[in-house]
Amino acid sequence: MQVNVSARHGALQPGDQALVEEKALKLRRLYDRVNAIDVTIDLENLDKPHVEFRISVEHSEDLIAHAEATTVIAALDSAIPKAEQQLRKLKEKKTEHRATAHKHIESVDTNDD
C-alpha cells in the first residue's frame, strides 16, 4: 500500500510527515482492500490548517475525509475517525450481502387462527 503525504502553501514541521504516514498506515487494518492513501495538508491559513485524506479502495470510489483545526496534528486527529468510519461502512456494505442468504431467512407466519 502506498501512502503519499504532500503539503500545500508551506512545509511540514520536522517529524510531522512520519507521524502522518504512521497514522495513515493504521487505516489499512480496518479494510485490507485499501490500495493507496493520499494525505494533503493545506497550510494556506496557518491558524486553521486543512487535512484531507483520499483513500483509494479496490472496486469502489475513493473515500474522502477532511478536517480543519488549530494545528496540523489536531486536524489529523479529527480527520482520521472520519476516514475510519467511512472504511467501516464500506466494509460492512461490501460484506453484508454474504451474511444471510434469502433461503435461510425464516418466513414469518402472519395467519392468526
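1. Starting with α2: its buried residues are Val72, Ala75, Leu76, Ala79, Ile80, Ala83, Glu84, Leu87 and Leu90. They pack against α1, β2, β3 and β4. Bear in mind that this is a predicted model.

2. On geometry, α2 runs for 25 residues and spans 36 Å from its first C-alpha to its last, close to the 36 Å expected at 1.5 Å a residue.

3. Now the largest nonpolar core, which has 29 residues; those touching the most other members are Ile37, Val39, Ile41, Phe53, Ile55 and Leu87. Two or more residues come from each of β1 (2–8), α1 (16–25), β2 (34–42), β3 (50–57), β4 (63–68) and α2 (72–96). The top contributor is α2, with eight residues. As background, nonpolar side chains in soluble globular proteins tend to be buried together.

4. Ile41 deserves a click in the viewer. Setting aside residues up to four places away in sequence, Ile41 touches Val5, Ser6, Ala7, Arg8, Leu12, Val20, His50, Val51 and Val72.

5. Then there's Tyr31, which sits in the loop between α1 and β2. Is Tyr31 buried or exposed? Its relative accessible area is 6%, and buried means under 20%, so Tyr31 counts as buried.

6. What does Tyr31 contact, leaving aside neighbours within four places in sequence? The partners are Val57, Leu87, Leu90, Lys91 and Lys94. Two of these, Leu87 and Leu90, are also on the list of buried α2 residues. As for Val57, 26 residues from Tyr31 along the chain, the C-alpha atoms of the pair are 8.8 Å apart.

Definitions and conventions:
Residues are numbered from 1 along each chain as its sequence is written. This is a predicted model: local features need pLDDT of at least 70, side-chain atom pairs count only at pLDDT 80 or more; totals for chains, interfaces and linings use all residues. Side-chain values use heavy atoms; hydrogens and water are left out. A nonpolar core is a set of buried Ala, Val, Leu, Ile, Met, Phe, Trp, Tyr and Cys residues joined through side-chain atoms within 4.5 Å. Buried means under 20% relative accessible area, exposed over 50%, partly exposed in between (1.4 Å probe, protein chains only). Helices (H or I, at least four residues) and strands (E, at least two) are DSSP runs, numbered from the N terminus. Contact means heavy atoms within 4.5 Å. The expected span of a helix is 1.5 Å times one less than its number of residues.
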